[in-house]
Amino acid sequence: MSRFPFFNRSNTIHSSSSEPSQKPYNHLLDRSGSLSRFYGSVETVKSTGSSIRGRMVKKLCNLFESPKDSSNLKPSPSSELKPEPLPSSKCGSEPGTWFRLPDAEDRIVVYLTSLRGIRRTFEDCNAVRMILKGFRVWVDERDVSMDRGYRKELQCVLGEQDVALPQVFVRGKYIGGADVIKHLFESGELGRILEGFPKVKPGFVCECCGDVRFVPCENCSGSRKVFDEDEGLLKRCLECNENGLIRCSICCS
């Protein structure tokens with residue numbers, strides 16, 4: 001026999017097998033008598049459960065079921081009211097029926113943004129630019145991100161504060177946004193609308209502004225401040241916008 005009895009596995013196996021197997025947790029897994037102990041009997045559980053469940057189902061059915069005899073019910077005063085017709089669109093049946101841009105009867109005006117803050121807006125503005133550029137016509141692009149006055153001008157013309165970009169005007173008449181321009185281009189109607197405008201050379205780029213439509217102010221050099229010699233103070237330049245820029249005199253005249 002080994003000096004260390006705890007290394008003798010035969011004794012361990014025989015000793016454990018000789019003891020009667022006990023399952024101390026069997027009484028926790030036995031659920032046969034739990035219901036009867038809690039409610040007293042199985043019949044009480046069935047009657048109680050069916051009554052609670054039945055009342056809940058009945059309430060739900062009453063919410064979704066229509067009344068059986070609808071002919072006997074008198075209509076409510078609100079049901080007798082006829083819906084008012086929706087007001088017609090301001091744009092009318094044809095583009096430019098209501099909104100007109102002053103001093104733009106001889107040009108194509110597009111309000112857009114060159115900022116990439118909102119991807120969908122930038123892509124729509126770029127798509128409209130490329131569509132109009134394909135017709136080789138000169139476009140008066142008014143970037144609202146370069147001049148705050150253009151946004152106020154567009155809001156005043158459309159009569160709305162939240163205006164989506166881009167917005168296109170042809171001969172002073174309002175045409176629409178990117179979806180309208182794409183639809184007119186695909187249907188071939190855009191070419192008919194743009195007839196009569198002078199053509200520009202392919203690949204034409206303004207040498208002064210590079211088609212940006214803005215140049216730094218010549219009066220203040222873009223600083224937005226000028227020195228008043230009479231008062232000896234710096235004052236705000238009145239010839240440029242909030243970014244110290246003015247419109248290009250060559251391509252925007």
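Begin by selecting Asp 143, which lies in strand 2 (residues 140-143); helices (H or I, at least four residues) and strands (E, at least two) are DSSP runs, numbered from the N terminus. This is a predicted model, in which local features need pLDDT of at least 70 and side-chain atom pairs count only at pLDDT 80 or more, while totals for chains, interfaces and linings use all residues. Residues are numbered from 1 along each chain as its sequence is written, and side-chain values use heavy atoms, with hydrogens and water left out.

Leaving aside residues up to four places away in sequence, Asp 143 touches Leu 112, Thr 113, Ser 114 and Tyr 150, where contact means heavy atoms within 4.5 Å.

Next, select Arg 142 and Glu 153, which form a salt bridge whose closest N and O atoms are 2.6 Å apart. Glu 153 lies in helix 7 and Arg 142 in strand 2, so the pair ties together parts that are 11 residues apart in sequence. Arg 142 counts as buried at 10% relative accessibility, whereas Glu 153 is partly exposed, with a relative accessible area of 30%.

Now turn to helix 6, where Glu 123 and Arg 119 both lie, four residues apart, about one turn of the helix. Their side chains meet in a salt bridge (3.0 Å, N to O), and Arg 119 is exposed at 66% relative accessible area, while Glu 123 is partly exposed at 39%.

Finally, select Ile 108, Val 110, Tyr 111, Leu 132, Phe 169 and Val 170, the residues with the most contacts inside the largest nonpolar core, which has 36 residues. Such a core is a set of buried Ala, Val, Leu, Ile, Met, Phe, Trp, Tyr and Cys residues joined through side-chain atoms within 4.5 Å. Its largest share, five residues, comes from strand 1.

Methods. Buried < 20%, exposed > 50% of the residue type's maximum accessible area, 1.4 Å probe, protein only. Salt bridge = Lys/Arg side-chain N within 4 Å of Asp/Glu carboxyl O.
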